[in-house]
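Hello,

Here is the structure I promised to pass on to you. Please open it alongside this message and have a look before reading my notes.

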Amino acid sequence: MKTLIAAYSGVLRGVACSIILMYTICTDCWLIAVLYFTWLVFDWNTPKKGGRRSEWVRNWAVWRYFRDYFPIQLVKTHNLLTTRNYIFGYHPHGIMGLGAFCNFSTEATEVSKKFPGIRPYLATLAGNFRMPVLREYLMSGGICPVNRDTIDYLLSKNGSGNAIIIVVGGAAESLSSMPGKNAVTLRNRKGFVKLALRHGADLVPTYSFGENEVYKQVIFEEGSWGRWVQKKFQKYIGFAPCIFHGRGLFSSDTWGLVPYSKPITTVDSSCHYHPPSHRTSHPVAVDSSSPPYPPHSNTCPLMLLSKFSSPNHSLLLHP
């Protein structure tokens, strides 16, 4: 039963509802679709302003079954002040970012109790919010577009106590996702640092150990035709197609799209960085040769790796 619940994700429900809505245009219920799309015109920019969070959706019982299937846990190492705003630099992306979704878009791991007064916003591709109905579901979980306008709004016009979770490595990091390997992509990923400096937000390195274990992927070597295709998709569309598999729906001995039930432990680093408290509207320059996290935090993934990951796992940093 838990396997079925883990496989039946809310995102798939949202996509299905979008398809059904488009279908109603060709039926006698076309007026429903017309009214929704009319309202959508006036509501188009709501995701950029934090969306419409629903505590009822975030507390659905299905998320607790989803958590227990792997299982997924959130480890708190430091208290967060409600008088400040935060940007969580989340790694790794994995294939689907299941740890990020469960920990920050639901209350399955009690993120609101562990960080009282903090409102988490998981940032994802803006294109997802162009899909009817799916956008409503994403917003209800506290998910927002990962673009400058949205992050600027949340850090400057939404009060304090906001925590924006950005999967820094993005699609490029997902291409290195494989069991037994912890690959972190940081090259040309300085935009979130500039935003933190501009708004005086704290940077919190966050790592999900086990995220790369739930799916197995075909890794194309650099220079191969497969990697060339993936990079072209990433450049022009925003995501990189991956050839991956999990377990079967009814048997762990067969291949399918159900993730393997491997533990995922998400840890927020205690060595987060406090930038200057003043805010500035002027352009902020960040040295391209410097790491996106402060020097003392570079050791944090290594320390956490020895504590929460398997002994035979390796950590590979792409600076």
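Below is what I found, from the whole chain down to single residues.

A word on the source: this is a predicted model, in which local features need pLDDT of at least 70 and side-chain atom pairs count only at pLDDT 80 or more, while totals for chains, interfaces and linings use all residues. Residues are numbered from 1 along each chain as its sequence is written, and side-chain values use heavy atoms, with hydrogens and water left out.

**Overall**

The protein has 13 helices and twelve strands; helices (H or I, at least four residues) and strands (E, at least two) are DSSP runs, numbered from the N terminus. Of its 319 residues, 48% are buried. Here buried means under 20% relative accessible area, exposed over 50%, and partly exposed in between (1.4 Å probe, protein chains only). The accessible surface is about 16,000 Å², and carbon and sulfur atoms account for 62% of that; the areas come from the Shrake-Rupley method with a 1.4 Å probe, and for residues only the protein chains shown count as cover. Taking contacts (heavy atoms within 4.5 Å) between residues at least 6 apart in sequence, 79% join residues at least 24 apart.

**Helix H12**

H12 runs over residues 225–236 and spans 17 Å from its first C-alpha to its last, close to the expected 16 Å (1.5 Å times one less than its number of residues). Its buried residues are Gly226, Arg227 and Gln230. After the helix comes Gly238, with a positive phi near 110°.

H12 also holds Phe233, which counts as partly exposed because its relative accessibility is 33%.

In H5 (residues 61–69), Trp63, Phe66 and Tyr69 are the buried residues. They cover an arc of only 115° around the axis, which puts them on the same side of H5. In the loop between H5 and strand E1 (72–75) you will find Pro71, joined to Phe70 by a cis peptide bond with omega about 0°. Another cis bond links His91 and Pro92, with omega about -15°; Pro92 lies in the loop between strand E2 (86–91) and helix H6 (98–104).

Most residues other than glycine have a negative phi, and most peptide bonds are trans. Glu110, though not a glycine, has a positive phi of about 60°. Glu110 sits in the loop between H6 and helix H7 (111–114) and is partly exposed at 39% relative accessibility. Val133 has a positive phi of about 70°; its loop runs between strand E3 (119–124) and helix H8 (134–140), and at 21% relative accessibility Val133 is partly exposed too.

Best wishes

Technical notes:
The arc is that of the directions from the helix axis to the C-beta atoms.
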